[in-house]
Amino acid sequence: MPTIDLPRLHTAQAWRDAARTLLARGTPPEDVLWTYASPAQSDLFAAPEAAPRAAGQITVPKGFVALADSVCWHADPERFARLYAFLWRLRDRPSLMQDRGDADLARLRGMEKNVHRCAHKMKAFVRFRDLQTDTNRRRFAAWFEPTHHTVEPTAPFFTRRFADMDWVIATPDVTARFESGTLSFEAGAPRPDLPEDAAEELWGTYFRNIFNPARVKVHAMTSEMPRKYWKNMPETRHIPELLATAERRAREMAEAAPSLPPVRAGRILDRLHAERSFTPVTLDDLRARAEEESRDSRPGYGRIVLGEGPMPASLMIVGEQPGDEEDRAGRPFVGPAGQLFDREAGAAGLDRSTAYVTNAVKRFKYTMRGKRRIHQAPDRGDVEHAKWWIRQEIALVKPQLILAMGATAAETLTGQRAGILSRRGTIEETEFGPVLLTVHPSYLLRLPDRDARARGTEAFRGDLAAAVARLG
Amino acid sequence: MTLQDKLAILSDAARYDASCASSGTSRRDSTKGGLGSTEGSGICHAYAPDGRCISLLKILMTNFCIYDCAYCVNRVSSNTPRARFTPEEVVHLTIEFYRRNYIEGLFLSSGIIRSPDRTMEDMVRIARTLREREGFKGYIHLKTIPDAAPELIEQAGLYADRLSVNVELPTDAAVAAYAPEKSPATIRGAMADVKTRRAATKERSHTGKRPPRFAPAGQSTQMIVGADGSNDATILTTSTKLYGDFGLKRVYYSAFSPIPDASAKLPLIQPPLLREHRLYQADWLMRFYGFEADEITAATPDGNLDLAVDPKLAWALAHRALFPVEVQRAEKPLLLRVPGFGTRTVQRILATRRHRTLRWDDLKRMGANLRNARPFISLADWSPGKLTDTADLRARFAPPPEQLSLF
């Protein structure tokens with residue numbers, strides 16, 4: 001009967017080579033004896049005593065190789081035989097690989113899961129200690145006791161993560177060593193004496209304080225962090241004390257009488273609320289406030305430009321944001337788009353001087369290109385920021401109808417910026433009262449095609465006329 | 001104040017944030033320089049006795065705060081000890097903990113001090129130092145401050161894997177009552193902004209180049225459960241909206257927990273841990289099992305989830321006409337509704353039944369919870385008979401009523 005002795009290192013590859021040979025020879029599972037790292041095997045790196053590879057391709061269903069590569073690291077002595085027996089069955093029924101109800105496969109999948117879990121816990125629970133060397137690369141070492149033979153398959157994870165330091169993970173099984181960028185394995189060792197590491201105390205402080213004594217769930221902790229790992233994890237020594245005092249701490253919190261707030265609290269809150277609750281009585285109050293705010297300039301933004309017009313006014317017209325010319329003039333709607341608006345308003349029978357004209361966003365936003373300030377579209381934050389201002393203006397102007405021009409104005413007033421072209425000409429009810437939507441005049445200026453521009457301008461004029469008609 | 005003292009105060013202050021996820025970001029490692037890696041799935045490096053995982057170094061930059069949120073230990077009117085880390089100290093702690101394999105990265109939050117922009121600026125500086133000076137490739141989660149300038153949020157997204165803003169309470173009215181200085185509209189604005197920026201960085205430019213990724217692990221938020229009077233139906237409807245409107249990766253539910261030096265406005269209660277657990281179950285049903293929020297909460301008249309049985313079982317008990325489900329033939333959406341069948345079990349059923357007839361023992365090996373599934377399925381060798389419709393079916397699942405102690 002052939003006896004296949006598999007080495008402690010590169011076990012998965014050795015099993016695969018041996019299985020391939022046995023299968024090619026047609027050796028049934030009951031005729032093979034699998035052993036693992038038997039004492040006779042003196043050299044750790046010796047190749048398994050397998051016959052030269054048989055010719056011919058052996059195909060296995062997708063997924064089997066990955067399964068075998070995991071199961072080979074399990075601690076169960078039966079693992080190699082089970083894998084081979086299942087591989088033997090797969091010859092005639094490749095579809096067995098999908099049969100999750102099959103007892104043999106279910107067992108192997110269970111073992112695979114154990115190995116994955118063990119590898120995952122190794123990634124989580126290895127704790128390095130600083131070896132305090134004055135070399136260029138920092139050096140760390142850890143002692144770990146895995147349940148399965150997971151050091152070799154998991155070590156590459158640590159090389160990817162800690163590439164810039166030297167480290168050793170010693171286990172009773174195999175020791176992984178990473179020095180100057182090279183990973184090597186050697187025989188397992190008894191627990192080494194590692195130097196004390198001051199960081200462990202900081203870590204313990206963190207562990208103690210992140211714990212909330214009001215919600216003790218011991219089972220949730222131990223099912224994910226089983227006790228067998230605790231002895232090599234520095235933070236776990238705090239657990240007994242944390243549990244013993246938790247109930248008392250939670251009770252004390254609940255029973256403690258509410259304390260008086262510190263003196264500064266009242267001061268801070270007063271100041272905060274005073275800033276927020278400022279309500280202007282007149283437009284001049286609002287202008288004074290705007291000037292004050294404009295003084296602390298934000299890079300990439302112009303000053304605050306408020307609207308203008310009679311107060312109260314039956315119609316309020318809201319554009320997007322001031323442009324370069326508006327920012328310089330400190331008045332809304334004086335640039336090219338403003339001029340187009342004036343022309344079309346006149347044609348629609350709307351006298352601009354009877355309406356309050358303003359912008360949804362109050363500051364010109366730009367980037368510098370050479371000496372020129374290039375307009376930037378306002379983003380959601382800018383819109384939110386400007387809402388306070390427009391709200392104040394509406395409260396003062398008390399319009400019967402608001403004409404919102406463009407997506408930004410629509411977003412500010414209706415909360416919805418999409419679909420202006422299909423919503424134009426309609427009136428939407430909002431918290432600010434009725435809002436008539438239309439496009440922004442600068443949209444018309446940007447239309448490249450003469451016909452499209454003529455049509456768009458006509459529709460725009462129609463919307464303005466509708467506003468006039470609505471107000472009677 | 002030593003680093004040890006600051007760490008004690010500022011981790012104590014951070015413990016009420018439930019999120020500790022470190023998964024779902026882009027894959028990176030340090031083989032080409034730097035320190036650290038992220039490989040898709042997150043790693044929980046330890047568990048505290050409260051059952052919560054410790055994956056990230058979760059700390060506040062400072063617990064000084066000018067807001068007065070009744071549920072919060074750091075509110076301005078509380079007498080809790082205060083501290084403030086320098087950016088350098090946070091970087092040092094993160095790197096040293098990471099090298100010893102204690103953590104996956106940093107979750108940095110902060111109280112609001114004098115100006116939101118200054119606070120956010122310091123947080124961004126920490127993230128930038130970690131990424132640029134230390135070559136840190138691990139996970140960074142930044143809690144953004146809703147009022148901060150958009151440029152700062154933009155920078156934060158370029159250095160961090162995840163950004164989050166807490167909506168704190170399920171309704172705007174509750175926020176107004178218990179967190180009067182916060183504005184739900186501003187919070188939503190900040191989340192919408194992050195969503196827009198994420199979408200923008202997914203598009204290639206005309207040269208085919210991708211812009212640097214913005215918060216690759218997405219954004220999340222947290223709601224406190226049990227502080228205000230909102231029922232579970234309200235909470236789940238709010239989550240549905242949050243998932244839909246802002247494309248959130250996760251909504252965390254945090255049972256309102258006693259805090260030291262509590263506010264008189266909000267009396268302390270035993271944290272409703274079971275309710276929190278049921279909400280998470282319901283959340284899962286909505287995200288992975290095709291349930292709608294109103295289906296889950298319709299089972300009880302008061303709009304709260306049944307605490308005695310899990311929400312899927314409660315739904316099945318209320319819709320017995322649909323059961324038993326024939327496992328061999330039923331379609332996937334219906335299999336997903338069977339109590340005791342998880343998404344993996346359903347996947348396995350679908351793969352196996354293509355080849356052969358399923359039996360009771362097969363399901364056992366596939367990992368189904370047959371104690372729950374028993375009355376709701378039929379198989380070649382199992383039929384529940386009258387069991388599905390027995391009157392006391394619920395009682396078989398619910399834990400026996402507990403006798404109150406006399407003392």
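# Chat about a predicted two-chain model

Me: Hi! What has the largest nonpolar core got in it?
Reply: It has 146 residues, and those with the most contacts inside it are Ile169(A), Leu57(B), Leu108(B), Met123(B), Ala127(B) and Ala156(B). A nonpolar core here is a set of buried Ala, Val, Leu, Ile, Met, Phe, Trp, Tyr and Cys residues joined through C-beta atoms within 7 Å. Buried means that 20 or more other C-beta atoms lie within 10 Å of a residue's own, exposed means 12 or fewer, and partly exposed is in between, with C-beta atoms placed from the backbone. This is a predicted model, where local features need pLDDT of at least 70, side-chain atom pairs count only at pLDDT 80 or more, and totals for chains, interfaces and linings use all residues. Residues are numbered from 1 along each chain as its sequence is written, while chains are lettered from A and ligands numbered from 1 in the order in which they are written.

Me: Which helix gives the largest share of this core?
Reply: Helix α3 (residues 116-133) of chain B, with six residues. Helices (H or I, at least four residues) and strands (E, at least two) are DSSP runs, numbered from the N terminus.

Me: And what does Met123(B) touch?
Reply: Leaving out residues up to four places away in sequence, Met123(B) touches Met61(B), Leu108(B), Ser110(B), Leu142(B) and Ala156(B). Contact means that the C-beta atoms of two residues, placed from the backbone, lie within 7 Å.

Me: Switching to the interface: how many residues are in contact?
Reply: On chain A there are 60, in contact with 64 of chain B. The most on the chain A side comes from α6(A), with eight residues. That side divides into 37 nonpolar, eight polar and 15 charged residues. Here Ala, Val, Leu, Ile, Met, Phe, Trp, Tyr, Cys and Pro count as nonpolar, Asp, Glu, Lys and Arg as charged, and the others, Gly among them, as polar.

Me: Nice. What are the confidence scores?
Reply: The model has ipTM 0.93 and pTM 0.78.

Me: How many helices and strands does chain B have?
Reply: Chain B has 15 helices and 10 strands. Its C-alpha atoms fill a box of roughly 70 × 60 × 40 Å along the principal axes.

Me: Last one: how much of chain B is buried?
Reply: Of its 407 residues, 50% count as buried.
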